[in-house]
Amino acid sequence: MAASLVFRLHDRGPELVREVLLERGWEEYNEGEREEEDWNLYWRGSLFQTSQYHNLLPWQRLNHHPKTVGITRKDCLARNLRRMKATFGSALYDFSPTTFILPNDYTCFLAEYNRLRLARGTSVYWIVKPVDLSRGRGIFIFEDIKDLVYDCSVVIQRYISSSLLISGYKFDLRIYVCVKSFHPLTVYIHQEGLVRFATEKFNLSSLHNLYAHLTNTSINKFGPFYKTEKGRVGRGCKWTMSKFRHFLHSQQINELLLWQRINNIVTLTLLAIATSVPSCPNCVELFGFDILIDAKFKPWLLEVNYSPALTLDCQADISVKKKLVSDVIDMMNYTSTDSLRDRAYRKHRYKQPCFKANHPSAPVLSTLNHQKKKRGNKGSHTQILPLLKTSHQPEKTKRGKLKQRDLEESEEAFTRPAASWKLPNIYRYCKFAKWNGQNIPPVKVGDFIRTFPFNRATLKASQHELDIRTVLQEIQSLTGQLVSGKGHKMKSRREEKVTADKDADTDFDSLLWGPKDPPLISQCFKST
Ligand code: ADP
């Protein structure tokens, strides 16, 4: 019988992850029955300890990269974006509302508050958020400084008072971003996402009404109008991103530019921590980016969520999150060898922990080569199943060591065609495209679209030491083409040099995340 992959959930949740994995034929880790290392995925909502990264084994994956708090805590995000702005200029880093961290920045805040009060004829509003809370807890909005009261560390941010409204209701976008790797930086954004509405009409004369000013579901689902029909918004407080795309079509705007600006926000935010996150090839992380769009269709970054909620509150959640979790698991790129855990890797003498190893695909590729040989290089898409099921383990010596006979059996198992269970291998989606000896990550994994690297120049810039300046130039050039609508005529010099190479666009292209049926970036410029 085939071995199953095994998952561990911290504190027994989230339930959706359990459901998706069980449906895929995984087994849940049980401490009493299994050895300490006998699992493939450890999923938790909070931080892993450093030792858990250091002890990670080749068949194991974690759902967080180390040290991503630099963007997921409100004060750290503010500090990092401020540093990027100071280093690289505000032309690109203009997507975050002016933010101060209190109490430290109180004097600076006061200066800005007074400056704006004197300079502007119209009112300026501020929003205050505790640095380490989520789900709208402890948040309030004020106009007059006499209403500013706080007893813990908070961020105070310019309140976007001219947000785009639908039927008079405020909303923001929850964008799901999966970082496959920080070294090299490899980023995907899910085509589906959520639009989260406030449940009372936006009104600046009632700043205390959180149901009108905050879009958190955790708040609005308790609002008096949650279940009421609310104009175009309907009942509840959520839309899927697909529904939002329909809405956008009815607006006279440069839709591609809006999507690209959101893409930029994601990449530019991740660049702020990309060089400080240690390499851990066996980690894949899902972030929730909250984006607010203002009345001029400019997107703003509100925050980045560390463990975006995977609870199912309504139909929109069900249609988005189940597929999302399944696609994240695909991104983890398990192979049949992983299901053998200890046993297969002892055979291949691959036994060092994965932390800081700079070759994310090493164990996977060696396995694939091995599989190819056994199959005489035929049928590279055939999925294969291992022989052993963990619950019917062959005779062990101690701590998972197998006798020679068992190892031979498990080797035999590599040749079995898959029957019952879905074994993901993201590289089956591409033709093992390589450039300069580097694997080009697939354009798409499920409904995740690769957004970084997005061209050869950014692939090259992220290959060794991340060359942030080059990346920024490329982002600027791409966005410039969309703004001007003269894309194909405006190729950057760097890109011209690259396209001089004969098959430039045949083995490296990207999709533009956002629109329905996302176009290839190369085509999208030809048609503008
Ligand atoms: P939390 O982690 O508590 O959800 P957020 O930063 O996401 O904190 O803020 C909660 C909600 O408050 C957002 O979903 C949005 O509706 C609103 N909000 C936050 N910051 C701003 C801002 N600068 N301008 C306008 N609305 C904001």
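This is a short talk through one predicted protein model, from the whole chain down to a few packed elements.

Hi everyone, thanks for coming. A word on ground rules first. This is a predicted model, so local features need pLDDT of at least 70 and side-chain atom pairs count only at pLDDT 80 or more, while totals for chains, interfaces and linings use all residues. Residues are numbered from 1 along each chain as its sequence is written, and side-chain values use heavy atoms, leaving out hydrogens and water.

Let's start with confidence. pLDDT is the predictor's confidence in each residue, from 0 to 100. The chain averages 82, and 76% of the residues score at least 70. Please keep two stretches in mind. Over residues 357-432 the pLDDT stays under 50, and there the model has 154 contacts beyond four places in sequence; contact here means heavy atoms within 4.5 Å. Residues 487-505 are also below 50, with 28 contacts in the model beyond near neighbours in sequence.

Now the overall picture. The chain has 18 helices and 21 strands. Those are DSSP runs numbered from the N terminus: helices are H or I with at least four residues, strands are E with at least two. Of the 528 residues, 56% count as buried, where buried means under 20% relative accessible area, exposed over 50%, and partly exposed in between, using a 1.4 Å probe and protein chains only. Among contacts between residues at least 6 apart in sequence, 69% join residues at least 24 apart.

On to a sheet you can find in the structure. Four strands form an open antiparallel sheet in the order S5-S8-S6-S7. Strands pair if DSSP finds at least two bridges between them. At the edges sit S5 (99-102) and S7 (140-142), each pairing on one side only. Neighbouring strands are turned by 25 degrees against each other on average, direction ignored. S5 and S8 (residues 154-158) pair over 4 bridges in the antiparallel sense, and Thr99 stands opposite Gln157 in S8.

Which strands does H4 touch as it packs on this sheet? H4 touches S5, S6 (126-130) and S8, and its direction makes about 130 degrees with that of S5. Helix H5 (residues 106-119) packs on the sheet too, touching S5, S6, S7 and S8, at about 140 degrees to the direction of S5. For all these angles, axes are lines fitted to C-alpha atoms, for helices over the stretch in contact, and angles run from 0 to 180 degrees between N-to-C directions.

H4 (residues 74-88) also packs with H16 (residues 468-484), at about 85 degrees and with axes 12 Å apart. The two helices are therefore roughly perpendicular; the cut-offs are under 35 degrees for roughly parallel, over 145 for roughly antiparallel, 65 to 115 for roughly perpendicular, and oblique for the rest. Met84, Thr87 and Phe88 in H4 meet Ile468, Arg469 and Leu472 in H16.

Compare that with H8 (residues 241-249) and H9 (residues 255-274), whose axes come within 11 Å and cross at roughly 140 degrees. That makes H8 oblique to H9. Residues from H8 in this contact include Phe244 and Leu248, and those from H9 include Trp259.

Beyond its neighbours within four places in sequence, Asn216 contacts Arg135, Gly136 and Arg196.
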